[in-house]
Amino acid sequence: MGEGSQKPTILVIVAHPALEESRANRFMTDAIRDIPNARIHSLYKEYPDFKINVAKEQKLALSADVIVFQFPLYWYSSPALLKEWQDRVLELGFAYGNGGDKLKDKTFFMAVTTGGPELSYQEGGYNKYSVSELLKPIEQTAIACQMKSQPPFVVHHVHKLSDEELRRQAQRYRQLLEEMVQLYVCS
Ligand SMILES: Cc1cc2nc3c(=O)[nH]c(=O)nc-3n(C[C@H](O)[C@H](O)[C@H](O)COP(=O)(O)O)c2cc1C
């Protein structure tokens with residue numbers, strides 16, 4: 001369990017360069033804000049200059065039982081600051097290599113929004129690969145850090161979704177996070 005806490009703690013690392021202008025990711029963060037022991041950590045708000053405080057981020061990651069990456073899909077991957085977070089925070093001796101087992105057995109989960117429709121994310125479609133396939137490098141990063149990776153939650157074609165549908169998807173996201181906490185308790 002996270003330090004000093006009975007309930008599992010969830011760290012939701014949100015990587016959206018302009019969260020205040022977002023629709024989909026805003027609905028999602030709004031839906032999970034009051035989950036007990038969930039902390040929403042907006043990377044672009046914290047580090048607009050990309051200068052990540054590695055010690056602070058490692059402490060945050062250490063204190064969490066469930067680590068979530070939430071982001072809009074940008075060029076088939078995450079926005080750049082989340083890659084910077086991985087490059088800087090998942091250090092040798094912390095996340096991998098000798099003594100690098102600090103994230104071992106934490107649950108890892110991605111929540112991703114796309115502009116493209118689901119049908120385009122398949123063989124023969126415009127985007128050729130499914131979002132799950134495209135996210136494999138990030139998933140494997142978590143696995144290499146000995147985390148337990150869960151299948152990603154993906155909301156496709158978000159610009160075409162009504163507020164009502166986005167709200168519904170955001171509630172599904174909330175439900176999944178709550179289930180993840182249960183899973184962690186039972187594992
Ligand atoms: C730089 C950039 C790259 C993008 N790349 C993709 C992409 O590869 N695939 C896709 O489906 N949508 C892509 N999009 C669309 C975003 O995923 C979409 O605008 C976002 O999920 C909407 O979420 P929001 O309402 O929270 O901003 C891109 C958008 C931007 C600005």
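In which loop does Asn127 lie? In this predicted model, Asn127 is found in the loop between β4 (107-113) and α5 (131-134).

**Asn127 and its surroundings**

Asn127 has a relative accessible area of 7%, and because buried residues are those under 20%, Asn127 counts as buried. Its side chain makes a polar contact with the side chain of Tyr76, at 2.6 Å. If the neighbours within four places in sequence are left aside, Asn127 is in contact with Tyr76, Ser120 and Tyr121.

**Leu19, a buried loop residue**

Another loop, the one between β1 (10-14) and α1 (24-32), holds Leu19. With a relative accessible area of 16%, Leu19 is buried. When residues up to four places away in sequence are not counted, Leu19 touches Val14, Asn25, Arg26 and Ser42. Leu19 and Phe71 are 52 residues apart in sequence, while their C-alpha atoms are 9.9 Å apart in space.

**Salt bridges**

A search of the whole structure finds 10 salt bridges, and the table sets out some of them with the distance between the nitrogen and oxygen atoms.

| Salt bridge | N to O distance |
|---|---|
| Lys56 and Glu46 | 2.4 Å |
| Lys83 and Asp87 | 2.8 Å |
| Arg174 and Glu178 | 3.2 Å |

The bridge between Lys56 and Glu46 links distant parts of the chain, with Lys56 in helix α3 (residues 54-63) and Glu46 in helix α2 (residues 43-46), 10 residues apart. Lys56 has a relative accessible area of 32% and is therefore partly exposed, and Glu46, at 34% relative accessibility, also counts as partly exposed.

Lys83 and Asp87, by contrast, both lie in helix α4 (residues 80-89), where they are four residues apart, about one turn of the helix. Lys83 counts as partly exposed at 44% relative accessibility, and Asp87 counts as partly exposed at 46%.

Arg174 and Glu178 both belong to helix α7 (residues 163-186), and they too are four residues apart, about one turn of the helix. Are these two residues buried or partly exposed? Arg174, at 17% relative accessibility, counts as buried, whereas Glu178, at 32%, counts as partly exposed; the reason is that a residue is called buried under 20% and exposed over 50%, with partly exposed in between. Arg174 and Glu178 are also linked with Asp34 in a network of salt bridges.

Key
Residues are numbered from 1 along each chain as its sequence is written. This is a predicted model: local features need pLDDT of at least 70, side-chain atom pairs count only at pLDDT 80 or more; totals for chains, interfaces and linings use all residues. Side-chain values use heavy atoms; hydrogens and water are left out. Helices (H or I, at least four residues) and strands (E, at least two) are DSSP runs, numbered from the N terminus. Buried means under 20% relative accessible area, exposed over 50%, partly exposed in between (1.4 Å probe, protein chains only). Contact means heavy atoms within 4.5 Å. A polar contact is a pair of N or O atoms within 3.5 Å; within protein, one must be able to donate a hydrogen and the other to accept it, and residues adjacent in sequence count only if both atoms are side-chain atoms. A salt bridge is a side-chain nitrogen of Lys or Arg within 4 Å of a carboxyl oxygen of Asp or Glu.
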